Amino acid sequence: MSYQAAAALQTALYQRLTGFAGLGGVAVFDAMPLGAGTGTYILLGPETAIDKSDQSGSGAEHQLLISVISDATGFQSAKTVAAQVSAALENASLTLTAGRLVSMFFQKAVAQRLSEGEARRIDLTFRARVEI
């Protein structure tokens, strides 16, 4: 197993999301903003890496959690941004500074209300396969 590409994968995800036209103006963070943030934003979250090495070489499957958080009324705003995150990442061709992205697929989404209904959160899980 190799975790060597984890930082490179996160950097490529950040660059893709911040440069994607459909997400223009939506902030992307890798840590919760001070004061929990306001408006609608994207949070790069936890990941789980699983060994996928084989006879051809080292590799890993990264299960990535990317969250859309919004204080807008209702889920519509958060769902619109989540759809654009999905469009930006599904089958994305990302260039990594370490390793090579083999595939990127959407796995699931979970939408929920936060803070007694004052905010919305949609957690999107993606699976990225990386070779070293």
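How many bridges pair β2 and β3, and in which sense, parallel or antiparallel? The two strands pair in the antiparallel sense, over ten bridges. The model is predicted.

- Strand β1 (residues 27–29) runs parallel to β2, and three bridges join them.
- Strand β2 covers residues 40–51, and its antiparallel pairing with β3 takes ten bridges.
- I50 stands opposite E61 of β3.
- Strand β3 (residues 59–70) is also joined to β5, in an antiparallel arrangement with twelve bridges.
- Opposite Q63 stands R127, a residue of β5.
- Strand β4 (residues 100–114) and strand β5 (residues 119–131) pair in the antiparallel sense over 13 bridges.
- For V110, the bridge partner in β5 is D123.
- β4 and β5 form a hairpin, and four residues lie between them.
- In the turn of this hairpin, S115 has a positive phi of about 50°.
- β5 is mostly covered, with eleven of its 13 residues buried.

**Aromatic pairs**

- The count of aromatic pairs comes to two.
- One of them is formed by F29 and Y41, edge-to-face, at 5.6 Å centre to centre and with 80° between the planes.
- This pair links distant parts of the chain, since F29 is in β1 and Y41 is in β2, twelve residues apart.
- F29 counts as partly exposed because its relative accessibility is 29%.
- Y41, by contrast, has a relative accessible area of 3% and is therefore buried.
- F106 and F126 also pair: their ring centres are 5.8 Å apart and their planes are at 75°, so the pair is edge-to-face.
- F106 lies in β4 and F126 in β5, so this pair ties together parts that are 20 residues apart in sequence.
- F106 has a relative accessible area of 34%, which means that F106 is partly exposed.
- F126 is at 0% relative accessibility and so counts as buried.

**Charge over a ring**

- R120 lies over the face of F75.
- The distance from R120 to the ring centre is 5.2 Å.

**Nonpolar core**

- The largest nonpolar core has 31 residues.
- L9, L17, I42, V85, L89 and M104 touch the most other members of this core.
- At least two residues of the core come from each of α1 (6–19), β2, β3, α2 (76–89), β4 and β5.
- α2 gives the most to the core, namely six residues.
- Leaving aside residues up to four places away in sequence, L9 touches H62, L64, L96, L101, M104, A128 and V130.
- M104, one of the residues that L9 touches, is also among the members listed as touching the most others in the core.

Terms used: Residues numbered from 1 in each chain as written. Predicted model: local features only at pLDDT ≥ 70, side-chain atom pairs only at ≥ 80, totals over all residues. Heavy atoms only, no water. Phe/Tyr/Trp six-rings, centres within 6.5 Å; stacked < 30°, edge-to-face > 60°. Buried < 20%, exposed > 50% of the residue type's maximum accessible area, 1.4 Å probe, protein only. Lys NZ or Arg CZ within 6 Å of the ring centre and 35° of its normal. Pairing = 2+ DSSP bridges. Core = buried A, V, L, I, M, F, W, Y, C linked by side-chain atoms within 4.5 Å. Contact = heavy atoms within 4.5 Å.
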